[in-house]
Amino acid sequence: RRAFVRQACCAAVGTTGLLSSLGQLRVIAAAAGDSLSRPRTAAVAPDYKALVCLFFQGGIDATNMLIPSDPAGHAAYAAARAGLTVDRSALLPIAPRRYSDGRSYGLNPRLPGLQSLFNEGKLAVLANVGTLVRPTTLADFKAGRNLPPQLHSHLDQAIQWQSGVPDMPFETGWGGRLADLLDAFNGNHQVSMSIALAGTNYFQRGRSVQPYILRSDGTVAMAYNNWAGNTPGVVTARTNGLKAIMAGPQDNALAAAFGTTTKDAIEDSEFMGAALRTAPTLRTVFPGSASGVSQNLAMVAKVISVSQALGVRRQVFFVEMGGFDTHFSQEAGLNPLLSEINGAMRAFYDATVELGVADQVTTFTTSDFGRSYVPNASGTDHGWGNHQFIMGGAVQGGDIYGRMPSLTVGAGDDTGRGRWIPSTSVDEYSATLATWFGVAQGNLPVVLPNIGRFARPNLGFL
């Protein structure tokens, strides 16, 4: 018995999804699982809303995604970007509805799906957004005043983006605080309102709500070593035996807590798996590999389709995509990633339309930081301000929000080599999303403690 428990526990500890729900997911009655195993029509509550955070790990070079297309603007861009220049004739034209700074813009030719969404009014661009302690000028930067700690560090800036509190030690993410605040609105649901498709992350860490972790192919099952080759009946019997052992008396309080948590997590995984089996088959085709961002977004759509079966009216999703730290060979490295982003985001929006929830789902992009405007040989260095995309039926799209940087090296808010001081803070970006999600203005400081330092708690893109 003890050897069996040790073997199973080792497998459990190595299974991220199994224990991701510590302290959050409840015991699921067998009757609930039985009822969910029967086919049903997927439905979404009329007051349902979902936020989907798409994090580009490494610092995406968005200045080669949104590019000046007027002759003078493109000439200045080409002079700064040198070998990384995207030819003006290849740009996909966009016509912002209200934004005007005397220039015209186009999207990278690998983003036709995003261009169509922009032109349909379902995609907006937020220009030059980044981590700020408070509004910051070039004089502040030169004097070292009010700067985010470890400004160009991947880990530090990723944490600051996801926590929303750059001037304090990390404890919780703003997505986690959002879930803590609104979790009661969900009622007596069984599964965490925070769902991660990229393992653990800083964004969704809350005080009471922790993320439930899925893979692109569904729940993360325990690795039972040689059980994998056994018949389903044997696996079920052994799983039930493991749950019975975990529920039984243990040697000490720690073992008892671990046993209860493990048993609950197994049952939670069974509950989620049963719910996902009731999801409708979508006509929308998600391109890309089985483990890529496109298939992760396909799983997000699947979870949304069974939100009523899961008992939730609010969900926060986190999807991560890597490969954007392009110091060398940026053109060869970035271009296929842009094509992948394009196909994944377009397909996900189309899936929400097919499910009838396009107005209830908002997808937004984030990244560590931007890249230097001036290249580093065949790549770029770590920057600061960056452009981000917001997508969904509720988005006031077809426009650029915030303020584009001067794009003249050494001018305006350039701290050196085209590392722009953000003109919009992560706080303002996040507060706009949180307000749409249902956070009252008076509660915004609970989610974003520094929002009072900035003038625009709502940027108007939702």
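Q: Before we look at a helix, what is its expected span?
A: The expected span of a helix is 1.5 Å times one less than its number of residues. Keep in mind that this model is predicted.

Q: Thanks! How far does helix H13 reach from its first C-alpha to its last?
A: Helix H13, residues 330-355, reaches 37 Å with its 26 residues, and that is close to the 38 Å expected.

Q: New topic: at what angle do H8 and H14 pack?
A: About 25°, with the axes of H8 (residues 174-182) and H14 (residues 426-437) 12 Å apart. Because angles under 35 degrees count as roughly parallel, H8 is roughly parallel to H14.

Q: Which residues make that contact?
A: From H8 they are Trp174, Leu178 and Leu182, and from H14 they are Ser430, Leu433, Ala434 and Phe437. The contact residues divide into 6 nonpolar, 1 polar and no charged.

Q: Is the crossing of H8 and H14 left-handed or right-handed?
A: H8 passes H14 in a right-handed crossing.

Q: Okay, over to Ser406. Where is Ser406 found?
A: Ser406 sits in the loop between strand E12 (400-402) and strand E13 (424-425).

Q: Why does Ser406 count as partly exposed?
A: Its relative accessibility is 31%, and partly exposed lies between under 20% for buried and over 50% for exposed.

Q: What does Ser406 touch?
A: Leaving out residues up to four places away in sequence, Ser406 touches Arg103, Ala411, Gly412 and Trp420.

Definitions and conventions. Residues are numbered from 1 along each chain as its sequence is written. This is a predicted model: local features need pLDDT of at least 70, side-chain atom pairs count only at pLDDT 80 or more; totals for chains, interfaces and linings use all residues. Side-chain values use heavy atoms; hydrogens and water are left out. Helices (H or I, at least four residues) and strands (E, at least two) are DSSP runs, numbered from the N terminus. Buried means under 20% relative accessible area, exposed over 50%, partly exposed in between (1.4 Å probe, protein chains only). Contact means heavy atoms within 4.5 Å. Axes are lines fitted to C-alpha atoms, for helices over the stretch in contact, and angles run from 0 to 180 degrees between N-to-C directions. Angles under 35 degrees count as roughly parallel, over 145 as roughly antiparallel, 65 to 115 as roughly perpendicular and the rest as oblique. A crossing is left-handed if the near helix is turned anticlockwise from the far one by less than a right angle, and right-handed if clockwise. Ala, Val, Leu, Ile, Met, Phe, Trp, Tyr, Cys and Pro count as nonpolar, Asp, Glu, Lys and Arg as charged, and the others, Gly among them, as polar.
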